[in-house]
Amino acid sequence: MKTTTGEIRESNRMSKHLEDNRKKMEETFAGCGDIEFHPSSFGDNFEYKAVSVFCSTLIKDKTPTFMHDTLNDLFRKNVEEDLSPERVRQFFIKHGASTSISTMLTRYDQAVDCILNGYVVIWFDHWDTAIGYEAFQVAKREVGEPIGEPSVQGPREGTTERLADNIGMIRERLKTPRLKVEYLVAGSVSKTKIAYMYVDQAVKPATLEQFRSRLNGIDPYEVLETSYIEDWIEDSTYSPFPQYMYTERTDFAAASLLDGKIIVLVSNTPMILVCPALFVEFFATSEDYYTRTIFASLIRLLRVWAFIVALLLPSIYIALSTFHPELIPTVLLLAILDTREGIPFPAFFEALVMEIFFELLREAGIRLPRPVGSAVSIVGALVIGQAAIQAKIASPMMVIVVALTGIASFAIPHYNMGIALRVLRFPLMMVSSLLGGFGLMIGFLLTLVHLTSLNTLGEPYMSSLAPLKLRNMRDVFIRAPLSYFLKSPRNRHLHDPRRSNS
Amino acid sequence: MSPYERAWIFFLLAGGMAASDFRIYPKINRKELFIYGLAALPFLYLGFLFMFDLSGLNLTDLLKLVFGKPAMWIGSLMKQS
Amino acid sequence: MNDKKSILIYQMAVLLICSTMGSAIVYIPNPISYVAGNAAWISLAFAYAFGMLVLACVLFLHRAYDGRGLLEMSRLLFGKTAAVLIAVLFILMLLFAIPAIVVGINSFFTTIMMKETPSFVFSFLTFFTVAFTVGKGLQVIARMFVLLLVMLIAVTLVILILAIPLYKVKYALPVMPNGVMPVLIGLFTSGGFPYGEIVFFTILLPFSSRHEEGSLSKNMYLSLSVTGIMLVLSSLCTLMVFGPATGIYKFSLYILASEIRVADIIERIESIIGIVLIIGSYMKATIYLFMLNQLFVQLLKLKNDRLLLTPLTGVCVLLSLTMFKGDSDFSQQVYVIWPLFVLTVGCLIVFTMTLLTFLRKGIKNDEDDNGRDPRIESDVQASGG
């Protein structure tokens, strides 16, 4: 239906008659059983009418008192007892509302938005303005320990589904006016509130520009979760490697902000998107900074080792056992050959079968109810592992390799990097089963080229490694003592204009 | 390897090359098409040599033509030592 | 200049190491000790000095022409037609070098490690990876090769250190029973491969970033010294293990690694040298393919610089499968004809250009206070550098 904007605005303006307003609201919310209309009357002889409209599922129980509070205001401030709509109007225009948070609404779409955001909207007779009081209350999860990122030492505060609470928790950690928060709304149906935060003078201006320009045009997009935004703004959708990080920890988010990252929060989801994320940052957790230097450095190295194992161990095993058995020490080689005797399948097929079973177990384990979960894992390990060995489908060595690979992939702190490895493992296994060490090297080189050519929000993904910046390596594979990099602003090298992107 | 196998290999190579250049073809203009065609000529010639396992004129033969004599001389020096 | 194509100075220096040491580290000193025997390392030391000379000329030209490439420099010096001829000669050189590198990988794998696999498999896969990398641009290449080079040098040093128990120092003494001639022939061979190939860097040097602090020359000399030291060291170590027999085994580092036996666990690790060979050759082939592509782009003034990448790769693949008629043909071509080609064509061109530029600058010194030829200066502004 094509109408000019002016006409739309005209038809949107509220009328002075209560009945028209009420009818309009009833039409708009036809079929919405949870929208309630409470008429009331005021004045000396209760001759003046008013109606409150609200969504009962969205608001606190104290609704009936709003009308009461409003009129109380008038009684308190007005000496003359002559209460008329005109009086009411004059009062609110002059003084504004008092007790609760309220807004003056002049258009129907504003009123609809407010009602759907948990406001109580009150219309008075003979007045074309409505007053909306905020009364939002919906049951939400309590603040608890984030499930995916537990810590032994350090805060256990995780984000919840309330956007305001999350922003508040982060603001509490960074008490500076340089912490900027910018809001936007996306989706014509979902009307999701999105917020992004950054610390001025810590974030790289070019990155912020890139981020903003990519976020443009997200308005029609129905955003239901932070990962929708990742999909919208990332550089390479088809790459298995994640270019942004997720976190549920407020301390991690605060630390990232100090490091010059931009974080994105979406209402109704606890996941915070941290952009940009570099490859080397996926090996760090916030707990690294709370434990001692040497231990933290060793754990970092362990994680790098876990990454290599998770990605390459099955491929290396296949390549060595099939093509280059001379590289394996003789004693071990004899043991392997001993166990591999009688196995009908080549090493690749064996590895593939075991890996797929492991992936199946992992996928099924996500949905198992907790009482059954532990029983199934024991059964899975014993039955599948032991039975497979005895049925000569797999050799014990292969079971060990697959189990080690699985364990190693859990050692990587960020889930979306772990899934990248799960995806990449299979092509590498395939290519190393075809051509042994040569194939493995080619696969490795192709992966490395892909990683090096990947960009995240304009920055090279492998920054600190490629291009090699030795000064940043103090926080990559080791964790240098905090006194080396805690002064503000951190990561000053990010703003050094001489250091160009190469 | 029989010529059939070699033909297979050659067409596999040509197919791979065409697939990787897939995106360039729609936007190509006349000059670029001409240059591309010119570059494809040695490719086809070498492919022909490869398929039928001929030892026709190749880059190494060109080099031997120019540097053949000095190379023989140096080779003989090498043999002496 | 911070556009898509410029790389930092240390990255340029790393590329120099990659292209000189990359594949040479596995082959040296076999071809040289074939003639020079125990004195191979002396030949290599002299070749390193020769390489420094070539590098000095290349850097001088880079400075004198304010960062122009080979084609532009030859246009300015010799005119358009001669420039095209020079470009064609360099193209022919590169078209020989790139397949030769990959044929080296092929022959290594088909004779030693994976005897049943036909060689076209290795050609295809290697060239696919190389072309894929070149297509991503010089910056990606430079970033990656720093990491790969670290790996390469680390593995080589580990091998050389693990072989310490095998060294017999008396083998390293240059005996020279046939006089100086073998050493000179060794110098000739290693002057061609790998040191003579530094002339190709006239094509690559324009891509180094202009507005960076630090000296390009110092870094380049340093990296060539790294190559020189590594090659001399590797040849010394091989000689100390095998003595006069070094000239027989084709892949010296490989054979050296196969002799290592440490505590019953670390033995027969020569397959790792296969990795070193792949990485080194891949790096060299990538850099050379990039240079070849650039030559065509500059010669034909192409707007899309990925247009000819696939045809060139295809031609190189087929060349690698058809060019050499056998092992002895390969040896003769790479160790005799190639040095001739590089020295008499490549090095001669670069030396001539250096000499002419030097003389010209001397004559026209009064034109400009900076010692720069104002004609060149204005051309820089016109072509945008």
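How many helices and strands does chain A have? After that, please look closely at A:Tyr461 and at the largest nonpolar core.

A: This is a predicted model, in which local features need pLDDT of at least 70 and side-chain atom pairs count only at pLDDT 80 or more, while totals for chains, interfaces and linings use all residues. Residues are numbered from 1 along each chain as its sequence is written, and chains are lettered from A and ligands numbered from 1 in the order in which they are written.

Chain A has 15 helices and 12 strands; these are DSSP runs numbered from the N terminus, with helices being H or I of at least four residues and strands being E of at least two. Of its 502 residues, 35% count as buried. A residue is buried if 20 or more other C-beta atoms lie within 10 Å of its own, exposed if 12 or fewer, and partly exposed in between, with C-beta atoms placed from the backbone.

A:Tyr461 sits in the segment after β12 (459–460) of chain A. A:Tyr461 counts as buried because it has 25 C-beta neighbours inside 10 Å. Leaving out residues up to four places away in sequence, A:Tyr461 touches A:Gln243, A:Leu278, A:Phe279, A:Leu451, A:Leu454, A:Asn455 and A:Thr456. Here, contact means that the C-beta atoms of two residues, placed from the backbone, lie within 7 Å. A:Pro242 is 219 residues from A:Tyr461 in sequence, yet the C-alpha atoms of the two are 9.8 Å apart.

Next, the core. A nonpolar core is a set of buried Ala, Val, Leu, Ile, Met, Phe, Trp, Tyr and Cys residues joined through C-beta atoms within 7 Å. The largest one has 240 residues, and A:Ile263, A:Val264 and C:Val58 touch the most other members. Domain 2 (163–277) and domain 3 (289–460) of chain A both give residues to this core, so it lies between them; the domain bounds come from an automatic or database domain assignment. With residues up to four places away in sequence not counted, the contacts of A:Val264 include A:Ile194, A:Tyr196 and A:Leu273. Apart from this core lies another, of 26 residues, among them A:Ala50 and A:Cys114.

Finally, the contact between chains: 24 residues of chain A are in contact with 28 residues of chain C. Helix α15 (residues 415–453) gives the most to the chain A side, with 11 residues.
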